[in-house]
Amino acid sequence: MTAPGAPRQRPGFLARMTLLHLAVVTLVVALCGGVYGWLTYERLGRDAEHQALSIARAVAATDDVRAGVADLVEAGPEDLDPDVLARGSLQSSAEEVRRRTESLFVVITDDTGLRLSHPNPEQLGRPVSTDPTEALAGREVTSQERGTLGHSARAKVPVYAPGTDAAVVGAVSVGISREDVLASLRQDITPVAATAVGALGLGAAASAAIARRLKRLTLGLEPEEIVALAQDQEAVLRGVDEGVIGVSPEHRITVVNAEAGRLLDVAEPSRLVGTPLAEAGLPASFPALLAAASPASPAVEQVVGRRVLILSARAVRPAGPGLPPLGWVVLVRDRTELQSLTRQLDAVGALSTALRAQRHEFANRLHTISGLLAIGDAGEARRYVSEVTETGPLSYPAERAELLRDPYLQAFLGAKSVEAAERGVSLRIGADTLVRGRVTDPQDVTTVIGSLVDNAIRAAVQGEAEDRWVEVELLDDWTGGEGTLHLVVADSGDGLPVQDPEPIFAQGWSTAVPAPRPGNDGGAQFDRLPDVHGQGFGLSLSRELARRRGGDVWVADPGRPGGPGAVFCARLPGTVVREPGPGADVRGEPSAGASGGAG
């Protein structure tokens, strides 16, 4: 119950619309029924007038009536006595016609309007109650008037003398009772009334059905609430930094914000609204993503174009009970930069670890040199310094590490060689390695090198060859005035499991696959690992990073089962610069004989 003094809740818009619709239907049905009833009443009244006219004509044309009226016109006053007229032939003839035709009255008058017949004998010999002038003037008249017997539809026709149609000797007036007309109206209007009641019932049912349909379509929300939701949705869709895609239960796209269009490379996101999901040109993983949508379903990483996206889908259900599901919402987040930064952070972490080890080694060597000088053994100190210069600043498992002069490359590849050695793989620097300049963008360089070297180490571990190795060769050049770093990575693995190397740069490919197993034909078969979070993006990101700089990453040789394995190449423009110093020639390029060793 409503609390005393509390404002009465106003009916909702849908309830008011239902009542208004029902009121309009009622008004229309009542108006149509009333108009039809009135028109029917008018038609029945005209039919009654025509019926009265036909009866009056028939009575006036009877020879006995014409002769009787003519005789009474010429008779004396004693013949117009009511008692005499009541016993006369005109009274009996008129009453017989009235009973036979069920008329209200059949009245015969003389040329002065005195009644010669009447259903009420007391009215005989008296003037008629309505004007007989028109009929006595020789004209037929129909009307609906009230007389001594009540309201009726009546007709008056002249009575001519026998043997001529020129002399009017009287008139015949016939009336049809209004009650008879109304009785006919009730008979005719009953189907109309039943139809009107049926129309009202149908209108009420239609109003209720429309109300239920609207309530189901609007989830029970009022129009004002829908407007507010639409405004909030527009504000949210335009304000969030994530892509949002709405999909109906029929797998049609209902909402696409601008950010989703940007991330998915859709020129006009609005054109996708209403499009079936299968025809929208979105990633092929969308149907499977929607099928697996649940509150606990994990996000999926996918490479779309030049971006790494995180896709997550959630099924949307209304709060009210018994309401159908609304579909799905797919959130699209850009992880391209995050992936790149993650790999760069891994590279920086490995680099910092290597540099800390290098710092510790330098400290040990400086202590050794200081000790030799302190005891006065300068010759041993010179020999030790010469040895350090030849072997490099730090002893790594990498073979020919002395070919690397850049400290970043030394530390990073040295750290990778330690990781490779722990897995039983020998990492070596190619004999033709020549990096004369200085690396200016170590994050990008180490990200690409790290991805290729990690894949090569993994391939070597999984390969059949007993001698497991990875070889890295680097070369810089300044063709066109820009310092470009060229990179080649080869391994002892079993090569790529595909003839066309391009698919390995797409989303989902990972070198983290099980070791090859013998096939039915004796050859090696490769199992592809299902897409795993954090796997399958290294090559695609490396190529993307290189192409952003105007370079590329590609497969020079896919390798073969049993080794040697695949050979990957990379070109990274703008990542090295000349570093003039001792040993540089007049053009500012390091000479071949300059050591350039760091530390």
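Analyst: Helix 12 passes helix 13 in a right-handed crossing. Before we go further, please keep in mind that this is a predicted model, and that what follows describes its computed geometry.

User: At what angle do the axes of helix 12 and helix 13 cross?

Analyst: The axes of helix 12 (residues 407-422) and helix 13 cross at roughly 20° and come within 11 Å. Since angles under 35 degrees count as roughly parallel, helix 12 is therefore roughly parallel to helix 13.

User: Where is Thr446 found, and is it buried or exposed?

Analyst: Thr446 is found in helix 13, which covers residues 442-462. Burial is judged from relative accessible area, with under 20% counting as buried, so Thr446 counts as buried because its relative accessibility is 5%.

User: How do the axes of helix 13 and helix 14 cross, and is the crossing left-handed or right-handed?

Analyst: The axes of helix 13 and helix 14 (residues 538-548) cross at roughly 150° and come within 10 Å, and this crossing is left-handed. On the helix 13 side, Asp444, Thr447, Val448, Ser451, Leu452 and Asn455 take part, and they meet Gly538, Leu539, Ser542 and Leu545 of helix 14. By class, this contact has four nonpolar, five polar and one charged residues.

User: How many residues of helix 14 are buried, and which are they?

Analyst: Nine of the eleven residues of helix 14 are buried, so the helix is largely enclosed by the rest of the structure. The buried residues are Gly538, Leu539, Ser540, Leu541, Ser542, Arg543, Glu544, Leu545 and Ala546. Just after helix 14 comes Gly550, which takes a positive phi of about 90°.

User: Which residues other than glycine have a positive phi?

Analyst: Glu102 is one of them, with phi near 55°, and its place is in the loop between helix 4 (89-101) and strand 1 (105-110). Because its relative accessibility is 63%, Glu102 counts as exposed. His251 is another case, with a positive phi of about 60° although it is not a glycine. The place of His251 is in the loop between strand 5 (243-247) and strand 6 (253-256), and with a relative accessible area of 34% His251 is partly exposed.

User: What does the side chain of Ser177 make a polar contact with?

Analyst: The partner is the side chain of Glu179, at 2.7 Å. Ser177 lies in strand 4 (residues 168-177) and counts as buried at 10% relative accessibility. If residues up to four places away in sequence are left aside, Ser177 touches Leu104, His151 and Ser152.

User: How far apart in space are Val308 and Leu263, C-alpha to C-alpha?

Analyst: Val308 and Leu263 are 45 residues apart in sequence and 9.3 Å apart from C-alpha to C-alpha. Val308 lies in strand 8 (residues 307-316) and is buried, with a relative accessible area of 1%. Another pair to view is Ala292 and Ser312, which are 20 residues apart along the chain and have C-alpha atoms separated by 10.0 Å. Ala292 has its place in the loop between helix 9 (286-291) and strand 7 (300-304), and it is partly exposed, with a relative accessible area of 48%.

User: How many helices and strands does the protein chain have?

Analyst: The secondary structure of the chain comes to 14 helices and 18 strands. Of its 599 residues, 40% are buried. Among contacts with a separation of 6 or more, residues 24 or more positions apart account for 61%.

Terms used
Residues are numbered from 1 along each chain as its sequence is written. This is a predicted model: local features need pLDDT of at least 70, side-chain atom pairs count only at pLDDT 80 or more; totals for chains, interfaces and linings use all residues. Side-chain values use heavy atoms; hydrogens and water are left out. Helices (H or I, at least four residues) and strands (E, at least two) are DSSP runs, numbered from the N terminus. Buried means under 20% relative accessible area, exposed over 50%, partly exposed in between (1.4 Å probe, protein chains only). Axes are lines fitted to C-alpha atoms, for helices over the stretch in contact, and angles run from 0 to 180 degrees between N-to-C directions. A crossing is left-handed if the near helix is turned anticlockwise from the far one by less than a right angle, and right-handed if clockwise. Contact means heavy atoms within 4.5 Å. Ala, Val, Leu, Ile, Met, Phe, Trp, Tyr, Cys and Pro count as nonpolar, Asp, Glu, Lys and Arg as charged, and the others, Gly among them, as polar. Angles under 35 degrees count as roughly parallel, over 145 as roughly antiparallel, 65 to 115 as roughly perpendicular and the rest as oblique. A polar contact is a pair of N or O atoms within 3.5 Å; within protein, one must be able to donate a hydrogen and the other to accept it, and residues adjacent in sequence count only if both atoms are side-chain atoms.
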